[in-house]
Structure formats: C-alpha cells, structure tokens
Amino acid sequence: MNENYSVIGKSVPKMDGRVKVTGQAKYTGDLKFPNMLVGKILTSPHAHARIISIDTSKAEKLPGVKAVITHRDVPSLKYGISPARWDENIFCIDKVRFVGDKVAAVAALDEETVYRALKLIRVEYEVLPAVFDPVEAIREGAPRIHDEYPMNINTEIHQNFGDVEKAFAEAHHVRTDLFMGQRTYQCPIEPHSAISIWEGGKLTVYSSTQSPHYHQYYIAREFGLKMGDVRVIKTFVGGGFGGKLEPTGLEFAGAALSRITGRPVKMFYDRHEMFAHNRGRHRQIMEVTTGVDKNGKILGLHANFIMDGGAYTSLGIASAYYAGAMLTLTYDFENYKFDMIRAYTNLPACGAQRGHGAPQPRYALEAHLDMVARDLGIDPLELRLRNARQPNTITPNEFKVNSCELTACIEKARELSGWKQKKGNLPSGRGIGLAVGSFVSGAGYPIYRTNLPQAAAIIKVHEDGSAATLYTGATDIGQGSDTVLCQMAAEAMGYFYENMKIVSADTETTPHDFGAYASRQTLMSGSAVKQAGEEVKQQLLEMAGEMMELPPGELDCREGIVFSKYSPEATRTFAEVAREFFVQKGPLVGRGSYTPPKLGGKFKGAPVGTSPAYSFAAQISEVEIDGETGQIDVKEVWDVHDCGMVINPALLRGQVHGALFMGMGESVWEEVVFDKNGRILNGNLGEYRMPTAVDMPKITSELVESYEPAAPWGVKEVGEGATIPTMGCFSNAIYDAMGVRVYSLPLSYEKVWRALKEKKEMESGLKSAAGRIYDKC
Amino acid sequence: MEALTDQDGIKRYLVNINVNGDPYTVIVKANTLLVNLLRDQLDLTGTKKGCELGDCGSCTVLLDGKPVNSCTVLAVEADGRGITTIEGVARSEKLDKIQESFVNNAAVQCGYCTPGMILSAKALLARNPKPTEQEVREAISGNLCRCTGYVNIVKAVLEATGD
Ligand code: FES
Ligand code: FES
C-alpha cells in the first residue's frame, strides 16, 4: 500500500455490507406506500403484427381494477438513445415488432387482479411476416420492421483509417476468419421494478436504475414535465450490468397509471418478462482480416461486422460503434477499416451489456490472432508482445492512450500461469490460451448531447464535525461506488472513512451525475468528489489557521487531525475546527464537478470509444477437454490488470471475479434462444444457463503497477474490462487442448464435440484418401 | 387448519407459523406462496424474489432448519412450522459469524443473493461444521449470484467455519 495515503488503497469494508447481510437493505420491490396499486404491462404474443383494435372494456370492469391504459392514454412521443434514432413508443401504436412489445398496462389493487385483468384485454392483430436473422433482414424483400428504415438498417458504419488495402498488399501473410456471436442477457438477480408516485404536479419514481439522471431526463421529456418536477430515486439495486441503464418501460407506464389513479403504482417484470424486455448483448457476425509481416507485426486490420439489433435502437448505436472502436486499443498498428451494419429484426431489442459492444469482437480478434500466430509458427503470447500497445500512443481511430501496461500484464500472466513450461507440454486434452483486452474509464461524451459536466459532488461536514456526508449522483448498483467515493472524499478532506455518510443517486438531493455505465464512476465521479473534498479541506485549514494563529499554508490535515507541517506538536482535531467553522461561518461545504477534456477525432462516430483513460488486461486460462463428450473443464484462470491506482483492492478483485464469471458463462453456456416464431425458449434462470458455484474455476486476480495521469490519484476502470478477454482466452485454450477451433459462441460442449468429430472424420478421411492413392500406386 | 370462505366463495386458511422465534397467525389463500406471505403480509422483505420458479435461490429460508426456496412452498404447508429468514439470523446487534464473514471477505456486491446465500450456508454449517470447499460450492449451487463469481462467497463461508 502507498504510504502517502491514509484512506485510499485500503480494502475498507463496504458502506452497505451490514445492511445487506441482515436483510435491512431495501430494494425497489421491497418498498410499500400507503394506498399503493400494483401495475403490469400487457405485451405482444406476436413477433410482427398490425394492431387492428384494442378493447379494454372487460378488463376495466373487473372489480379491483383502477386503470387500464394503451397508447391512447400516454404521449406518443418516440424515445431512444439519440434524436436520429428515436424509434420507441411507451405503448405500440400501429404495430408490434417483437414478442414482448408493450401494448397496454393495468393498475389494480393486487397482483392477482392485475394478471386477471391483463387476460381480459382483447387485442386484435393482423399477423405480419417476421424476420429474425440480421443477414436475412437486410436482404431485398425482407419484411420492413420500421417504415423509416429501409432494408431494416438501423445503423451503418464505414470507417477507414490509413490504407488497409495497401497494408494487405504489402503483408507477408493475410488471413480472414469468420466468427459468430450469440445473444446473451444481463440477468441481474433482481428484476426491474419502479414505483411511481404522482402527487401535486410532481412525479417521484423509485427505481432499480443504473442512471437516475437518464430516467429523469427521459420521463420529463416524455410527459412534457420540467426536469425539476421529476424526482428519480435509486434504491438499493440488485445488479444491472447494462440492463438497468435505459428506461425499462415500467417508469413510463407507472407514471401514467399513477397520474390517472392518483395513487402510487408499483410495476415490475417477472423473470420471463425480463428476458422478453431484454436489451442484452447483441449477436454479432464478425469477419476479421489481418495482414502481418513475417515477424507477426500487424500491418492492417479489417473488421467487417453485422449485428442483430432486435426491434428497436435501445442503446445499440453505441454498441455498434463500440464493437469496432475498441479493437484498436490493445495493439499498435496504423491501418484499420471497420464496417458494421446493425440490422433490425423481430426479436427483443439489444442494448448495453457489461463490456458493451466489445467482448464478441474481441473474442473474434483474439481467436483469429492465435490462428495467425499458428500460421506463422510464432508463440501466440509472443505475437501479442510484439504488437502490444505502449503508453502515450494514439490509436488509428484517434484515441489517446496515456498509461498502458499491457506488456507488463502479458508478462506477468505468463509468469503466474507457468505459460512457458505448459505451452506445448501439457498432456493431451489439456490446453492453455491467452487473450488481452482494454476498456474505457468512462465514455468521453454523454449519451445525449449536452454540455452538463459528467459528474458533480457536494460534501457537507456535519455541524459538530463528527461526520461528513457526500452527496453524489453516482450510482452504486453493487459494484461499491458508494464505498470507493467515500474513501476518496475522506482522503481528500483528511478525514476518516468510518465517519463518512453518503446520499447518492437521488435527482433531487444529489448533484448531477450520469450514473453507472461505461465504467466511469471511479474516474469521473471520483474527480468531482476529490475536488469537493479538497475544497472542504482548504476551508478547514483556513479556519484552523485562524484558531492556531498559523498561516494555513503551513497546515495539513490527515485522518482527522489538523497539524503544522513544521511543528508537529501543534494540532487540532478536524471535528473541533469544523465545529468552529460552523459557529463562525455556517455550513462547511465543498463542491466539485468534472468535465473531461475534448477527446477524439472529427470523423463520423469519433466520440464513441473516447475516454480520458483506458484499462488493459491479459487473461490466461487452462482447460481440460473430454474428448468423448466435448465437456470443458476450466482448471484455472489468471487475470492480470492494469487499472491504474487502486482505491479498494478487495472491491477491485470482486469486480474481476464477477466480470470473469460473466465472460465464462458467455463463453461456454449462455445464450438466449428463440423458436421459429420469435418466442424465447429459455426465458428463465433454469434453462438460461449461467454458471453456478460448482462451475467456477480457481481465479487468480493480479495487478501491475500503473498510474494514470489523467485521473484522480491515477485511477482507471476495472468493472467491465475483465469481461472482455475471457471468451477469446477460452477459445484459444480449447484450440490448444484439442486442435479444433469453434467459430461460434457459446463454445458449448456440443460444438466442441462436433468439431472434434469432424476433425476425426477428416483425419480418417484423409487417411483413407491417402490409402486409396497408395493403393493405386 | 381452519378455513373461512370469503365473499367470492374462495377459501381462506388460518395458518399458524413461527418466524424467527415470533408466533404469527395469518390468513392465506390455498395458492399463497410462502415467499409472498413473508414479504407482503409480514413485511419481511429480506427474503428476495429473483425468479419465482425455484431457479435462483434468492428466496431461500430455513423451514424447520432446512433450506427451501420459499417461492416453491405454499404458505399452508408452513402451518405449525418454524421459519428462519435473514432477519432472524443476527442476534440483536451482533451479527452471525457467517454474516460477519460475508462483510469481511467482500462477499457482498449488490446483495440481492446475499440473504439466500447466508441461509444456505447456515444450513450447511449446521449439519456439517467443517465442510470442504467442494461441499460449500455444492451447498450454494442452488443460489445464483450474478456479481461475485462466488469467489469471495465461498471464501467467506469457509472462513466462518474457523474458530
Ligand atoms: S425466487 Fe425462489 S428460487 Fe428464485
Ligand atoms: S451479490 Fe449481486 S447477485 Fe450476488
């Protein structure tokens, strides 16, 4: 631990640990308000259909039903991530576009009545032809999902940096591989919920959200309210992973129902509805071409992708840009081309899931590079070292990378895993694989165009100095931002973590912050908090200077003690100075805000992927494959991260464990599957197979020394970065074990088994072919 | 079990249960789930709901000492029996060893799986005070956690077995 710090760099226990182990922590679904109603949304049973009529009269007559609403009862304003892509309505007006699209909603006295009422709503549909595959969706003659988007093209990207064609022409070796991703789902264990209370012209929404600010912004916009008349309060949130970032529909429907009934309305999704609403990871089809020189130095890269966006934009334009933007971060090359089509299909919309658009393309690139290394006869780890990005460099798509210890990460992972001894020497069926990754520490630009700062914070010292409260819009969804930010506040003030209180993520009482996404809070919210803490400290030292009759510049404060830097015996406690401050001058308050510098280039889509700082990671996994069944037994995984200065090592490791767990699930098991009519076949936690405690291998999480100059105390992200290399690293380990490459995710037992079978058949086929040739001779 | 018929002709049952040492008499329908009785009627919201299908374990409570998914148990089945929910694990101010170990080992992230995990772990340690790592993993394999990769949870349970 760094001696210069008293509070940061330590694994202090989480602020909310105690309330969570005792069951005291209240999540949105745990709250009750007097006179509260229960609401639910009726969704479409068809993947694509015209709405002919909706008859709610029977439902309305059911005793206990207080309101039934459809598109006629709510504003018809479309919403979505950016004005050019606003394509979603609160309730469908003319058409439904996927099984699960929102059609109507009911509020009633209790859950049972709500469900009965939903069944009584008569919707007449004219079923339309539907399309479920992105490649088919963009073919001539495919059913048109949105009138405004010909060929079902939601987003089309063509970026070209340097001269890829020339690089390929000059390359010693050019290779192309095609990979297939899968649709996965965030699956937070807490389902989405929202309680809306419309009272006296003001709307209050308690919500399981990752960004109270976005929800406030969208709700105010939809209902034509002033931002100040909408208050969004985050309760404890049971995990988000991207799915709770954008509006879920529950807050819109709940707000409308509450306005009509004049009562609080609790809305929630059950597990199947969670899957149907979705907004999980896009399935991408990824063609990767690389040209290398004879030493394996990458000369040019072409990423040519198609993604299944589902029925709406959701956060998908960002996902589409991220998919290509982030590929340039880890390796140093100059020529890069990125083509992408995000297609509409009649499936639930996809959005942002941990790592956003990046993990699948990273899988493709890392698996592909292993094949390139094999073609050249170079150790795949050595190939990465030869290409690894160095600090203070700029990517071809104009991201400025300051700190970067990727080389050190790879070297340390090599050492920890025993790569040198193991590579090529493991018994048959056993293999070792490597992949690397990188991620933003906060998006350089907010989701919607605004010049608001990215983050802001206020710290108020209590009147007697016995506590200080941090007010921040930053959003703790379990990752521990409340804890980390309180550590930062205490460090900046010269105070104790134990005496910190926090009020966070309430749009009325806390200053603006964009919330939990793009791994932004440690750096961005942390910057604002540090500034606020320093402002408190400065005022405190001035007061202490008066009390001690010393120049404030001579004073400092640490761990609650104000002291003179020159005569250490002269001290005052933080508390007594703070109290005196209040007596003489009123509240002792510090303020801070953070706006990143202008980042990135000028080309179309240039902002996506910009960040003040990037994390880097190398992962190695060792697997054992059962040649008979294809079963993958993961023996151990090593993650080595460059995430700058670490504020709380225990929480950081927790993020690595969780990210790796998610990456492992997506590597081997997780996939949302649909029938031929677009209905989800495994919309539950039994059949959507996420890893259990018995599936998890031994995980070693290590760090390399690093300091980020653009960040408070040199911090960077960790929460999403560790998901990114995992799928590639498993793919490479499986290949090393068995010599078969599975080109589609998940790398399921069955696919591995099939690949092995094909290999065997091919080999025996070749042998018999060879035998026949021999016979002829 | 005593039954009453309401105005719609639906039978209601009088259920006597003991929750965390306190006796309660409640009226439930035949299809009322134990999890909803606990959460909605007794306001014991520490017991969570993640799926209502018996898949996730976030609704785990101890029924006569045995861990059950309370979303798969009918309230009437609990008549005359003893239930421990997360609210009954700590003895007033003092946390149970397992709870303490969860806090100290950073085994809690979002906390939504935590009550169920702790109760599954508690049941395990009651029947097997010195479990192996594999036994811990098996005991909590019905409790899904999306945040931690189970690493620190397993560590916390194992550490709670120490003296
Ligand atoms: S809510 Fe009972 S097992 Fe998931
Ligand atoms: S801590 Fe979030 S689900 Fe386990």
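Mentor: Before we look at the helix pairs, note that a crossing is called right-handed if the near helix is turned clockwise from the far one by less than a right angle, and left-handed if the turn is anticlockwise. Keep in mind as well that this is a predicted model.

Trainee: OK, so which way does H17(A) pass H18(A)?

Mentor: The crossing of H17(A) over H18(A) is right-handed. Helix H17 covers residues 649-668 of chain A and helix H18 covers residues 726-738 of chain A, and the two pack at an angle of about 55° with their axes 8 Å apart. The pair is therefore described as oblique.

Trainee: And which residues meet there?

Mentor: From H17(A) the contact takes A:Leu660, A:Gly663, A:Met664, A:Glu666 and A:Ser667, while H18(A) brings A:Thr726, A:Met727 and A:Phe730. Sorted by class, the contact of H17(A) with H18(A) holds four nonpolar, three polar and one charged residues.

Trainee: What about chain B, at what angle do H2 and H3 pack?

Mentor: Helix H2 (residues 97-104) of chain B packs on helix H3 (residues 114-127) of chain B at an angle of about 130°, and their axes are 10 Å apart. That angle makes H2(B) oblique to H3(B). H2(B) passes H3(B) in a right-handed crossing. On the H2(B) side the contact is formed by B:Ile98, B:Gln99 and B:Phe102, and on the H3(B) side by B:Thr114, B:Met117, B:Ile118, B:Ala121, B:Lys122 and B:Leu125. By class, the contact of H2(B) with H3(B) has six nonpolar, two polar and one charged.

Trainee: Then how do the axes of H3(B) and H5(B) cross?

Mentor: Helix H5 takes in residues 151-160 of chain B, and its axis and that of H3(B) come within 11 Å and cross at roughly 35°. The crossing of H3(B) and H5(B) is right-handed. Here B:Met117, B:Ala121, B:Leu124 and B:Leu125 of H3(B) meet B:Ile153, B:Val157 and B:Ala160 of H5(B). The residues of this contact of H3(B) with H5(B) divide into seven nonpolar, no polar and no charged.

Trainee: Back to chain A. How many residues of H9(A) are buried?

Mentor: Helix H9 (residues 316-325) of chain A is mostly covered, with 10 of its 10 residues buried. Among them are A:Ile317, A:Tyr321 and A:Tyr322.

Trainee: What do the buried residues of H9(A) pack against?

Mentor: They pack against several strands of chain A, namely E7 (153-161), E13 (283-292), E14 (298-310), E15 (335-344) and E18 (430-440), and also against helix H10 (359-376) of chain A.

Trainee: Switching to the backbone, which peptide bond is cis, with omega near -10°?

Mentor: The peptide bond from A:Leu745 to A:Pro746 is cis, and A:Pro746 lies in the loop between H18 and helix H19 (749-776) of chain A. For context, most peptide bonds are trans, and most residues other than glycine have a negative phi.

Trainee: Where is A:Phe241 found, then?

Mentor: A:Phe241 is in the loop between strand E11 (230-234) and helix H7 (250-261) of chain A, and its phi is positive, near 60°, although the residue is not a glycine. With a relative accessibility of 12%, A:Phe241 counts as buried.

Trainee: And B:Asp64, buried or partly exposed?

Mentor: B:Asp64 counts as partly exposed, because its relative accessibility is 46%. B:Asp64 also has a positive phi, about 50°, and the residue is found in the loop between strand E4 (60-63) and strand E5 (66-69) of chain B.

Trainee: How many disulfides does a search of the whole structure find?

Mentor: The search finds zero disulfides over all chains.

Trainee: Last one, what does A:Thr407 touch?

Mentor: Leaving aside residues up to four places away in sequence, A:Thr407 touches A:Leu385, A:Ala388, A:Arg389 and A:Gln390. A:Thr407 sits in helix H12 (residues 406-417) of chain A, and its C-alpha atom is separated by 6.1 Å from that of A:Leu385, 22 residues apart along the chain.

Definitions and conventions:
Residues numbered from 1 in each chain as written. Chains lettered and ligands numbered in written order. Predicted model: local features only at pLDDT ≥ 70, side-chain atom pairs only at ≥ 80, totals over all residues. Heavy atoms only, no water. Axes fitted to C-alpha atoms, helices over the stretch in contact; angles between N-to-C directions. Helix = DSSP H or I, 4+ residues; strand = E, 2+ residues; numbered from the N terminus. Parallel < 35°, antiparallel > 145°, perpendicular 65-115°, else oblique. Contact = heavy atoms within 4.5 Å. Nonpolar A, V, L, I, M, F, W, Y, C, P; charged D, E, K, R; others polar. Buried < 20%, exposed > 50% of the residue type's maximum accessible area, 1.4 Å probe, protein only. Disulfide = S-S within 2.5 Å.
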